[in-house]
Amino acid sequence: LVPSAPRSAAEQRAVCRGARSPAVMSSAAAAPLRRVVSKSKLGGGGATKTTPEGEAKCVMRRSGAGGISKGGALRPVTERHVRALLPGLHRYTEGKHFRAPAFRTWLRQKLASKGFKQPTASEADRLLRSLARTRSAGNGANVEPLGAWQPQGVRYVDPEGASSIDNLHGFEQGPKGTSTWLAWNEYGMVYRLHCVDTSSKAIFEVSCSNAFKRLSVAMQRSTLSAPTEDRKQAHFKSCVTFDPRRIGVGEVAPTYTLIYLHSFSQRGPDYEDFPHYFGVSGASIRVVLPTAPLQEQTCFSDWNVWKGEKLGWRRIKFNSWFDYLTDKGGRAENALDNQSLLDVRARMHALIRSEVKRIGGDPKRVIVGGASQGCCVALDAALTYPDELGGVIGLVGHVLGSTPLDQSKKRMPLHLFHETTDQEMNWRWVKGTVQRLVDSGFNVISKRENDPSGSGHWIQEIEGQWIRSALRRIVHGTSSHGA
């Protein structure tokens, strides 16, 4: 699979969701840089890790108990665990034949300190034989064993063109009542385990083949309303939703909801042409993209616009999740109007409750995320919501200094992504906000990476790569899943 060629910064800004507002460039106050976190102080050094999409190196760490159960006992290794590890086993064996003892040696290294019980020789042999077992099709024929799907991302028809869905291989669309359905291809690799010798000392191999999956959603723009705790209604105008859809079947019931908040001065409809930013195969995810209300910004008290003879000069209003009191130009965290934050917090809690109810009542099936200012609000909403949610996906943003850290949410995964050249969210101060979460024992997975477009804080195609990678970790527990 050949990744799309990087575009120049000018081309990226021109084709991806339109030109950015000058207001964003001068005031976007809520976006941090990406760096992996550990229990030690944040900084340079550490191991590197290659991600499936983008092949970018970074430092990553997840705090938590790994495979240790609540009672402290080691968990057994299951077929599901080994299947997810097939890509790594293929790299270890270089696609060559191996036997159970070699598998156990590799597994011992792979699961060291992860809280899993090392399988015995006979258990390892049974695991491998079971994973390599062919399946029976409906017509009585045998099909290949269930494998591990490792997505590599999307492919562009014109690698130098726009990153919108109409430039993707496999793009299709059509009307469906009040909504529009969209479809595209997700490319990747399928890893399968085969038993090439079924004798008492069986011989195995892991095969690898190119493949693609068809993804589809039903897109609709509407006003969403949700009841607040004071029995009022929170209205979200110009809200875009992507509901899961299966090719040949139609819309399917979602098992997860992602509420994703745009950056300062942007709108939910800006993502209408980018459903693939949220597309994850093997999961039915509903995506909700609300639009922030128009409001004046205290820090821009001298920013006025002429409204005609009758109204005269008026303060400019921006689509904003809260009111900035200061504009420090990325040098430090900006002050904000606390009441505006409390207002949006109540509105977000109402929307989350509505989606929890829609998804069946399990709050861990609702994920919140956002970019820049949207990231700040997503973290605030998740950390102050009464129940633990499925996780947070925060891009070029940070946890606000005024957001309380509820210790009951320590196990909730917080996936934070930072662009290395971001000057609006300078890592010199943003790393302290990440360190605050780490020192408090939260489950932080932080990543700092360069956007190939060279756009700094105003991330382009890499936004979709980061969102998809975090969704896979939250929904599937790994970057690979069954295929």
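**Exercise 1.** State which residues Ile352 touches, not counting residues up to four places away in sequence.

*Solution.* Ile352 touches Ile259, Val366, Val368, Ala381, Tyr385 and Leu389, where contact means heavy atoms within 4.5 Å. The model is predicted: local features need pLDDT of at least 70, side-chain atom pairs count only at pLDDT 80 or more, and totals for chains, interfaces and linings use all residues. Residues are numbered from 1 along each chain as its sequence is written, and side-chain values use heavy atoms, with hydrogens and water left out.

**Exercise 2.** Describe how helix 7 and helix 8 cross, and name the residues that make the contact.

*Solution.* Step 1: the axes of helix 7 (residues 338–358) and helix 8 (residues 373–384) come within 9 Å and cross at roughly 65 degrees. Axes are lines fitted to C-alpha atoms over the stretch in contact, with angles from 0 to 180 degrees between N-to-C directions; helices are DSSP runs (H or I, at least four residues) numbered from the N terminus.

Step 2: the two helices are therefore roughly perpendicular to each other, a class that covers 65 to 115 degrees.

Step 3: helix 7 contributes Leu341, Val344, Arg345, Met348, His349 and Ile352 to the contact, and helix 8 contributes Val377, Asp380, Ala381 and Thr384.

**Exercise 3.** Identify the residues with the most contacts inside the largest nonpolar core, and the element that gives this core its largest share.

*Solution.* Step 1: the core has 53 residues, and Ile259, Phe322, Ile352 and Leu437 have the most contacts inside it. Such a core is a set of buried (under 20% relative accessible area, 1.4 Å probe, protein chains only) Ala, Val, Leu, Ile, Met, Phe, Trp, Tyr and Cys residues joined through side-chain atoms within 4.5 Å.

Step 2: helix 8 supplies the largest share, eight residues.

Notes
Angles under 35 degrees count as roughly parallel, over 145 as roughly antiparallel, 65 to 115 as roughly perpendicular and the rest as oblique. Buried means under 20% relative accessible area, exposed over 50%, partly exposed in between (1.4 Å probe, protein chains only).
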